[in-house]
Amino acid sequence: MTHHTIILTIAAVLALSACTDKNPAAPTLTIKVTPPSAYSASETIHLVGSFNDWALEGDKAYPLKTEKGELSVTIPITEKNVFFTLVKNKNWQLMPANEMAKSQCIYLHKATGGDAEMTAHIPLWTGDKPLKTAEPSLSGSIIQHKDFTLPQFARSTDIYVYLPKSYQHNTDKTYPVLYMLDGQNIFSAHLAHSDEWRIDELLEELTTAGTLDEMIVVAVPNSAQRWVEYNPWDFKDRDGKAAQGQGELTIRSIKDTLKPFIDSRYRTDPQPASTGLAGSSLGGLMAIYAALEHSDTFGFTAAFSPALAIENMDGINVLFEAIKQQQTIGNSKIYFDIGQMEYGNYEQIEQLNSLLLNKGFKPENLKLVKDDIGRHCEVDWSRRFPAALEWLQAGI
């Protein structure tokens, strides 16, 4: 071997070493899982998340393995925030639930730069029989109106009304009103589909501290036909079939029936500037619709993680198309937010913001919040609620 060859060989080794040092092996996360007591070894449990495109099949699949009596799986950490959940028997209807058999929010691991471990205890799977009953968790003054009739849908539902602390003794004061969709999830863990928003606890704490102004909150539960009830436009359903959206009737039920009742029964400020509508997911889509089509009633709206991917049978995004076709623009304030993992990026929420601005909405009337650790669940919507309401209240 010549002297020149030796030098070239050493240089190549050093270059390879330098390259290796710059690209060390990715750190790992080991997740140890305690399954429900009824777990059988014949059941499969898969870890799915942002790290593997939520895949249950193929090379990206991560089934849990039993080792030394423990169920665990190890994944590479390639993201700052790792979102994941678990799926039983490759069935998306069988996911982690708490002891009340209510679905849990997906898990979040914040990477530290090194190898890590975490544990996940699964009391039940969704659909299992509850181990215990969720206790009522109401705070402050909440009044229930049982079997309130909504003629627009020929149905009745229980309406819950939160009254501020000063309502009983400050009898000359009128209050803004916020109507909230998916009302069964707003105040009580006993009624909630999964976690509750804890709006009553938040308002009790934050109004006492002076962080938020007092207001009345009206919780309006959805029906079993939520996908139709909370879609303002005709759409393609989850089975790929044409469905007729009845979101306009939902808004009419609040605007023409519920709001007049609330305004006559309680000391409200009925003006549009003091009347708001809030919702999440499909309810968030409805909040944006209310700002577009019913700004004469709802002066402020809050759309938490709005559903941004609903299409019609022609594959056209129904929300984006509706904004493009909008003829008149009201003065509603719109708060809207999203978690980065919900759609994998912020492209759609940024497109929504651009469309609203291009259509004529004033920048000061729009508030877009991007939440890098936001998930699609009540826990995170509740976390973002105080700041959202603080911004919406400015100017009321």
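**Note on helix packing, sheet and pockets**

1. The axes of helix α6 (residues 318-325) and helix α8 (residues 347-359) come within 9 Å and cross at roughly 10°. That angle makes α6 roughly parallel to α8 (angles under 35 degrees count as such). The crossing in which α6 passes α8 is left-handed, a term used if the near helix is turned anticlockwise from the far one by less than a right angle. Axes are lines fitted to C-alpha atoms, for helices over the stretch in contact, with angles from 0 to 180 degrees between N-to-C directions. Helices (H or I, at least four residues) and strands (E, at least two) are DSSP runs, numbered from the N terminus.

2. The model is predicted: local features need pLDDT of at least 70 and side-chain atom pairs count only at pLDDT 80 or more, while totals for chains, interfaces and linings use all residues. Residues are numbered from 1 along each chain as its sequence is written, and side-chain values use heavy atoms, with hydrogens and water left out.

3. Four strands form an open sheet with mixed pairing, in the order β4-β5-β1-β9; strands pair if DSSP finds at least two bridges between them. β4 (65-67) and β9 (116-121) are the edge strands, each with a single partner, so one side of each lacks a neighbour in the sheet. On average, neighbouring strands of this sheet are turned by 35° against each other, direction ignored.

4. T66 stands opposite L71 in β5.

5. The largest pocket has a volume of about 1,700 Å³. Of its 45 lining residues, M95, S281, H376, C377 and W381 are the closest to its centre. A pocket is an open set of points on a 1 Å grid over the protein atoms alone, where a 1.4 Å probe fits, with protein on both sides within 12 Å along at least five of seven lines; lining residues have an atom within 4 Å of a point. Volume is the space filled by probe spheres set on the points, which are joined across faces, edges and corners.

6. β6 (81-88), α3 (226-229), α7 (340-343) and α9 (378-393) each supply at least two residues of the lining of the largest pocket. α7 gives the most, with four residues.

7. The second largest pocket has a volume of about 160 Å³. Its lining includes P272, F300, K333 and I396.

Methods: Angles under 35 degrees count as roughly parallel, over 145 as roughly antiparallel, 65 to 115 as roughly perpendicular and the rest as oblique.
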